Amino acid sequence: KGWNQPMIDQGTDSSIVGLIKKDDLYLVEAKFEPGNYGKLLFSPTLQVTYDNLNKLHDGRKPLFSNHFNDKKNIKFSHWYPEDGGRFYKKRTKYILVEVNDIESIPDSFIWLTIDQIKELLKRDNLVSSHLRSIVATIFAYGE
């Protein structure tokens with residue numbers, strides 16, 4: 001008797017969650033993903049696996065990924081474990097970058113203040129777990 005849960009091995013360094021900051025604003029995406037409760041969730045600027053980032057599947061480079069390569073713009077970069085009850089040794093890199101200028105922004109993206117994000121966090125089913133985690137890191141470590 002006890003708990004039984006299959007483990008998924010996705011590799012150890014499997015993804016990046018990134019948020020872009022400009023002045024006092026953060027670039028988030030209103031994103032639809034299968035399995036979302038409701039239709040849209042506010043998500044980080046970048047949420048990508050290393051396979052997709054390196055175009056191993058012949059896809060296109062993820063939007064805004066170029067901003068996360070410039071070390072002088074990185075405000076913080078930390079590795080965190082990803083649900084060890086389901087994923088075998090998986091971890092995710094959370095990165096905050098600050099930019100002065102940014103290319104055009106698709107309609108699914110919006111600039112929000114940290115106070116606006118806090119207000120969204122008070123409502124059910126509006127903020128993705130990845131955005132919640134990176135915002136918690138901002139609160140813990142500062143910018």
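## Before we start

Residues are numbered from 1 along each chain as its sequence is written, and side-chain values use heavy atoms, with hydrogens and water left out. Since this is a predicted model, local features need pLDDT of at least 70 and side-chain atom pairs count only at pLDDT 80 or more, while totals for chains, interfaces and linings use all residues.

## Two nonpolar cores

Let's begin on the inside. A nonpolar core here is a set of buried Ala, Val, Leu, Ile, Met, Phe, Trp, Tyr and Cys residues joined through side-chain atoms within 4.5 Å. "Buried" stands for under 20% relative accessible area, "exposed" for over 50%, and "partly exposed" for anything in between (1.4 Å probe, protein chains only). Helices (H or I, at least four residues) and strands (E, at least two) are DSSP runs, numbered from the N terminus.

The largest nonpolar core has 16 residues, and L19, Y26, L131 and I134 are the ones that touch the most other members. At least two residues of this core come from each of β1 (13–22), β2 (25–31), β6 (91–98), α2 (114–121) and α3 (129–141). The biggest giver is α3, with 4 residues. Another core, of 12 residues, lies apart from this one, and its members include L27, L46, F68 and I95.

I117 and V135 are 18 residues apart in sequence, with their C-alpha atoms 8.4 Å apart in space.

In α3, the buried residues are H130, L131, I134, V135, T137 and I138. They sit on the same side of α3 because they cover an arc of only 150° around the axis; the arc is that of the directions from the helix axis to the C-beta atoms.

Is S128 buried or exposed? With 5% relative accessibility, it counts as buried. A polar atom of the S128 side chain lies 3.1 Å from the backbone nitrogen of L131. Leaving aside neighbours within four places in sequence, S128 is in contact with L41, F42, S43 and P44.

## Salt bridges

Side chains of opposite charge can pair when their charged atoms come close. Taking a salt bridge as a side-chain nitrogen of Lys or Arg within 4 Å of a carboxyl oxygen of Asp or Glu, the count comes to 4. One of them joins K72 and D70, with the closest N and O atoms 3.1 Å apart. K72 is exposed at 70% relative accessibility, while D70 is partly exposed at 28%.

K118 is partly exposed, with a relative accessible area of 37%. There is also a salt bridge between E119 and K122, with the closest N and O atoms 2.9 Å apart. Here E119 is partly exposed at 44% relative accessibility, and K122 is exposed at 61%.

Technical notes:
Polar contact = N/O pair within 3.5 Å; in protein donor to acceptor, adjacent residues only side chain to side chain. Contact = heavy atoms within 4.5 Å.
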